[in-house]
Amino acid sequence: MILKKYFILYKPFLLFLTTFFFTYIVMTVLYQEYLNSFGENKLDSITRMVATNTSQLLHFFGFDFSIEENQSHSFIKLIFNQKYVARIIEGCNAVSVIILFVSFVVSFSGKLKPTLLFIFGGSLLIYVLNVIRIALLCVLMFYFQKQEKFLHGVLFPLFIYGVVFILWVIWVRKFSKYASKNT
């Protein structure tokens, strides 16, 4: 009897957690299957696309930049002004961040059309900002190599996760089924 009371009391929170973890696990398993389809030590097409888009962005701004795929390992070298400054691995493509973003939005879902549009728009924004993040990281790594740990480990994760957090706040306050209708 007491357990039922607590279940009813915390039902919205439990539904959020269940939906979040279910969505996260399903999307992660699907993504892992996608990655496994490329075989061991092979780069996936999303990571290649991120590297290509980073190169296109830096070329657009007139920088001497190139990418070079490592055939024996699964990473792409980022070469700025003829100097190897960083590498892109699968974890740099922001898919895991997008999965986290989508799982949260689905957990606080609203109407189908706004939910799908927000997921698409937010995922696209995260992807574009990730390409910008990598491009900026390459430039800064060239000029401030000694700051690598701060740039890669603190500043840029704070940037990308900060954007995701802001998107979540916007979603919950403006579009989710919990959004205030008085604003």
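**Reading helix contacts, a surface patch and a salt bridge**

Mentor: Helices H5 and H6 run roughly antiparallel to each other, and this is in a predicted model.

Trainee: At roughly what angle do the axes of H5 and H6 cross, and within what distance do they come?

Mentor: An angle over 145 degrees counts as roughly antiparallel. Here the axes of H5 (residues 112-143) and H6 (residues 148-175) cross at roughly 165 degrees and come within 11 Å, and the crossing is right-handed. The residues of this contact divide into 19 nonpolar, 4 polar and 2 charged.

Trainee: Which residues form the nonpolar patch on the surface?

Mentor: To belong to such a patch, a residue needs over 30% relative accessible area. In this structure the patch consists of Ile2, Tyr6, Phe7, Ile8, Leu9, Tyr10, Phe13 and Leu14, which together have about 850 Å² of accessible area.

Trainee: Which helix gives the most residues to that nonpolar patch?

Mentor: Helix H1 gives the most, with 5 residues, although H1 (2-9) and H2 (11-36) each supply at least two. Leucine 9, one of the patch residues, lies in H1.

Trainee: How many salt bridges does a search of the whole structure find, and which side chains meet in one of them?

Mentor: Side chains of opposite charge can pair when their charged atoms come close. The search finds 2 salt bridges, and one of them joins the side chains of arginine 48 and glutamate 69, at 2.9 Å from N to O. Because arginine 48 lies in helix H3 (residues 45-60) and glutamate 69 in strand E1 (residues 65-70), the pair ties together parts that are 21 residues apart in sequence.

Terms used
Residues are numbered from 1 along each chain as its sequence is written. This is a predicted model: local features need pLDDT of at least 70, side-chain atom pairs count only at pLDDT 80 or more; totals for chains, interfaces and linings use all residues. Side-chain values use heavy atoms; hydrogens and water are left out. Axes are lines fitted to C-alpha atoms, for helices over the stretch in contact, and angles run from 0 to 180 degrees between N-to-C directions. Helices (H or I, at least four residues) and strands (E, at least two) are DSSP runs, numbered from the N terminus. Angles under 35 degrees count as roughly parallel, over 145 as roughly antiparallel, 65 to 115 as roughly perpendicular and the rest as oblique. A crossing is left-handed if the near helix is turned anticlockwise from the far one by less than a right angle, and right-handed if clockwise. Ala, Val, Leu, Ile, Met, Phe, Trp, Tyr, Cys and Pro count as nonpolar, Asp, Glu, Lys and Arg as charged, and the others, Gly among them, as polar. Patches are made of residues with over 30% relative accessible area and no salt bridge: like charges are joined within 9 Å, nonpolar side chains (Val, Leu, Ile, Met, Phe, Trp, Tyr) within 5 Å. Accessible areas come from the Shrake-Rupley method with a 1.4 Å probe; for residues, only the protein chains shown count as cover. A salt bridge is a side-chain nitrogen of Lys or Arg within 4 Å of a carboxyl oxygen of Asp or Glu.
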